[in-house]
Amino acid sequence: MAKETSACKAHCLILPYPTQGHINPMVEFSKRLEHRGVKVTLVTTNFVYKDIQKEGSSIAIETISDGYDQGRISRADNFHVYLERFLQVGSRTLTELLEKLSRSDFPPNCIVYDPFLPWALDVAKKFGLLGAALFTQSWAVDVIYYHVHKGELKLPLTESEVLLPGLPPLEPQDLPSFLYILGSYPGSLEMLTGQFSNIEKADWVLCNTIYELEQEAVDWMSKIMPLRTVGPTIPSMFLDKRLEDDKDYGFSVFKPNTDACLKWLNDRPKGSVVYVSFGSLVALEAEEMQELAWGLRMSNSYFLWVVRATEEAKLPKNFVEETSEKGLMVHWCPQLEVLAHEAVGCFVTHCGWNSTLEALSFGVPMLAMPQWTDQSTNAKFIMDIWKMGLKVPVDEKGIVRREAAEHCIREIMEGERGKEIKKNAFKWKKLAKEAVDKGGSSDKNIEEFVAELVRS
Ligand code: UDX
């Protein structure tokens, strides 16, 4: 990887939105740039910097402030306040950082920023930097928000079917949750449509997706903006294996229970384990957590379930002890190694975009239990478009019941539909690897991005 400043061709600042699901893809993209001789400096908030495990990483880190150096506000109704403060304090501290770096031996010439923070582009432009927006959700989801931003998809939704260019017909519940449950998280919808507020100033628009996966949506938007697909942003060691020294993957805010998970998986037969995780943010209703717990137990499969420490109290009493022969529960796991493990036969997922792309890249069939934001759209594509999983039906209260969970797990692990899903999963796995392999669609796009960056 590029460590010698004098040998570097360009210097990119990389600014993710400060949550795990946004940091991971940005860090992986950074490694692909470094591999091509670009110097990279990751910029994160003071609060996240304190928490992330960054030992042994070659990537330089600088910090700015979101105005909450002692801890983020977590209550959703304060989100609007959080974003406002981030805009004010973030713009000021990013300006200070750019002033400092502009006096250094190798000042940055480009910022790759998360469009959740569009003001970063405005700040960078004042310093004459090039700007690339890196979208970290699926392109289908971005197309939907783009149409809301443009006023072409009107809210509240009145039609029973939404037709948008490059996308299959969607029912309202297939759209991101903020569009069909208006006002559910004040500030969120504004932020998501705001991703396009100054996009015309961006020199490049990048997306963590695979061209072949979302071809029609990408082709349609490519006529409007300089869009390039660069995914899946998964460590090279798991896919193309071209980046030597690719040991550290992710700047994790959580500490994975690696040894326990891998040892446990090593002792299970091929394809016998249901892996369950809801990512870094989702909090299930206690009732739903308990129904899922019983569904898992009734399925009689082995299961590895990530239940974050803050969620643990919602499990049924004595569940861990009573199911210890079948299940392993951890607070956080090395998800990529788990999904790559041959013992795993199915992934019960909230359908966060990273988890979706990861499962797809490792060819692991998915059981979709979307909770909020973009997850409902991802679930629709997983089941109906890419046909690599099932979506568990919910009852009239919107809750997945134990019988439904059990039935769907059995379908994937043992049923006829499972066989078809596994065939498709194998196809997508091959495609994901090809995309980042030499000459693949994402590889070519990253090559071109670097070439243009160096020329500019
Ligand atoms: C958030 C949103 O919830 C999601 O909808 C959006 O698409 C991205 O931002 P998050 O909920 O954390 O993300 O989910 P996801 O996108 O799946 O990212 C989670 C990341 O954490 C993945 O890269 C996954 O590999 C990693 N992870 C998860 C672990 O490493 N260990 C775990 O135990 C669980």
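**Close-up views of a predicted model**

**View A. Helix H16 gives the most to the lining of the second largest pocket, with 5 residues.** The model shown here and in the other views is predicted. The space in the second largest pocket comes to about 460 Å³. The lining of this pocket is made up of 22 residues, and those closest to its centre are Val344, Phe362, Gly363, Val364 and Lys429. Two or more lining residues come from each of helix H12 (335-340), strand E11 (344-349), helix H13 (353-362) and helix H16 (416-436). Sorted by class, the lining holds 11 nonpolar, 6 charged and 5 polar residues.

**View B. The second largest pocket lies between domain 1 and domain 2.** The protein is split into domain 1, which covers 11-251 + 436-455, and domain 2, which covers 257-333 + 342-432. Each of these domains gives residues to the lining of the second largest pocket, so the pocket is placed between them. Taken over C-alpha atoms, the centres of domain 1 and domain 2 are 27 Å apart. Contacts between the domains involve 33 residues of domain 1 and 22 residues of domain 2.

**View C. One cavity of 30 Å³ or more is present in the structure.** The space in the largest cavity is about 80 Å³. Its lining is formed by Phe278, Gly279, Val282, Leu284, Met289, Trp305, Val306, Val307, Arg308 and Glu311. By class, 7 of the lining residues are nonpolar, 2 are charged and 1 is polar. Trp305, one of these lining residues, is the subject of the next view.

**View D. Trp305 is a buried residue of strand E9 (residues 302-306).** Its relative accessible area is 1%, which is under 20%, so Trp305 counts as buried. Apart from its neighbours within four places in sequence, Trp305 is in contact with Val276, Phe278, Met289, Leu292, Ala293, Leu296, Leu315, Phe319, Leu328, Met329 and Val330. Among these contacts are Phe278 and Met289, which also line the largest cavity. The C-alpha atoms of Trp305 and Val274 are 8.2 Å apart, although 31 residues separate the two in sequence.

**View E. Phe196 sits in the loop between helix H7 (188-193) and strand E6 (204-207).** Phe196 has a relative accessibility of 2% and therefore counts as buried. Its contacts, leaving aside neighbours within four places in sequence, are with Phe135, Asp142, Tyr145, Tyr146, His149, Met221 and Met225. Phe196 and Pro118 are 78 residues apart along the chain, and their C-alpha atoms are separated by 7.9 Å.

View F. The cysteine sulfur nearest to that of Cys110 belongs to Cys12, at 3.8 Å, and Cys110 is in no disulfide. Cys110 is buried, at 0% relative accessibility. For Cys346, the closest cysteine sulfur is that of Cys408, and the 9.2 Å between them is too far for a bond. Cys346 also has 0% relative accessibility and counts as buried.

**View G. Cis peptide bonds join Leu155 to Pro156 and Gly231 to Pro232.** Most peptide bonds are trans. For the bond between Leu155 and Pro156, omega is about -5°. Pro156 belongs to the loop between helix H5 (139-149) and helix H6 (177-180). For the bond between Gly231 and Pro232, omega is about 0°. Pro232 lies in the loop between strand E7 (227-229) and helix H9 (258-266).

**View H. Lys241 and Lys387 have positive phi values.** Most residues other than glycine have a negative phi. Phi is near 55° in Lys241, a residue of the loop between E7 and H9. That loop also holds Pro232. Lys241 has a relative accessibility of 61%, which is over 50%, so it counts as exposed. In Lys387, phi is near 50°. Lys387 is located in the loop between helix H14 (375-385) and strand E13 (389-391). With a relative accessible area of 45%, Lys387 is partly exposed.

Methods
Residues are numbered from 1 along each chain as its sequence is written. This is a predicted model: local features need pLDDT of at least 70, side-chain atom pairs count only at pLDDT 80 or more; totals for chains, interfaces and linings use all residues. Side-chain values use heavy atoms; hydrogens and water are left out. On a 1 Å grid over the protein atoms alone, a cavity is a set of points where a 1.4 Å probe fits but cannot get out, and a pocket is an open set with protein on both sides within 12 Å along at least five of seven lines; lining residues have an atom within 4 Å of a point. Grid points are joined across faces, edges and corners, and a volume is the space filled by probe spheres set on the points. Helices (H or I, at least four residues) and strands (E, at least two) are DSSP runs, numbered from the N terminus. Ala, Val, Leu, Ile, Met, Phe, Trp, Tyr, Cys and Pro count as nonpolar, Asp, Glu, Lys and Arg as charged, and the others, Gly among them, as polar. Domain bounds come from an automatic or database domain assignment. A disulfide is a pair of cysteine sulfur atoms within 2.5 Å. Buried means under 20% relative accessible area, exposed over 50%, partly exposed in between (1.4 Å probe, protein chains only). Contact means heavy atoms within 4.5 Å.
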